[in-house]
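Welcome, and thanks for taking a look. Below is a short tour of a protein model, from its charged pairs to its core.

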Amino acid sequence: ATAQELHSRLLLFRGSFFADLREGIPWFQDILIKGYATGRVRQILRDAILTHPEIVDVPSLTLTVDPITRAGTVTFEARTLAGSTIRSEDFGPVLVA
């Protein structure tokens with residue numbers, strides 16, 4: 001359940017949830033833009049993962065953006081309160097196009 005919730009959380013675009021337009025990842029505002037700041041993007045994604053109540057650490061996180069298509073792929077590992085590790089590969093990479 002936690003892995004699925006993380007996957008959904010990362011796919012939620014800021015401004016697309018009618019009940020709260022502030023929710024979601026600022027994909028178009030801060031990430032899939034020309035000249036994005038890699039450190040800032042990693043922090044945005046890491047913070048989004050860490051807001052899940054079951055996650056205590058994100059030891060690995062990678063963002064790859066194709067400069068031509070602007071498609072982004074996020075892969076990560078996150079540790080839970082129970083001590084298990086969730087990998088984005090467990091449910092497929094997060095692809096935003």
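Glu77 is partly exposed, because its relative accessibility is 27% (buried means under 20% relative accessible area, exposed over 50%, partly exposed in between, with a 1.4 Å probe and protein chains only). Its partner is Arg87: the two side chains meet in a salt bridge at 3.4 Å, N to O (a side-chain nitrogen of Lys or Arg within 4 Å of a carboxyl oxygen of Asp or Glu). Arg87 lies in strand E3 and Glu77 in strand E2, so this pair ties together parts ten residues apart in sequence. Arg87 also counts as partly exposed, at 35% relative accessibility.

Helices (H or I, at least four residues) and strands (E, at least two) are DSSP runs numbered from the N terminus.

## How the model was read

This is a predicted model, in which local features need pLDDT of at least 70 and side-chain atom pairs count only at pLDDT 80 or more, while totals for chains, interfaces and linings use all residues. Residues are numbered from 1 along each chain as its sequence is written, and side-chain values use heavy atoms, leaving out hydrogens and water.

The mean pLDDT of the protein chain is 87, with 94% of residues at 70 or more (pLDDT is the predictor's confidence in each residue, from 0 to 100).

## Other salt bridges

The whole structure holds four salt bridges. One of them joins Asp30 and Arg40 at 2.9 Å, N to O. Asp30 lies in helix H2 and Arg40 in helix H3, so here too the linked parts are ten residues apart in sequence. Asp30 is partly exposed at 22%, and Arg40 is partly exposed at 49%.

Asp20 and Arg22 form another, at 3.1 Å, N to O. Arg22 is exposed, with a relative accessible area of 66%.

Which residues of helix H1 (residues 2-11) are buried? They are Thr2, Ala3, Leu6 and Leu10. Viewed down the axis of H1, these buried residues fall within an arc of 100 degrees, so they line one face of the helix (the arc is that of the directions from the helix axis to the C-beta atoms). Thr2 has 17% relative accessibility. Leaving aside neighbours within four places in sequence, Thr2 is in contact with His52, Glu54, Ile55 and Ile86 (heavy atoms within 4.5 Å).

The largest nonpolar core has 21 residues, and those touching the most other members include Trp27, Leu45 and Phe76 (a set of buried Ala, Val, Leu, Ile, Met, Phe, Trp, Tyr and Cys residues joined through side-chain atoms within 4.5 Å). Elements giving this core two or more residues include H1, helix H3 (38-50) and strand E1 (55-65).
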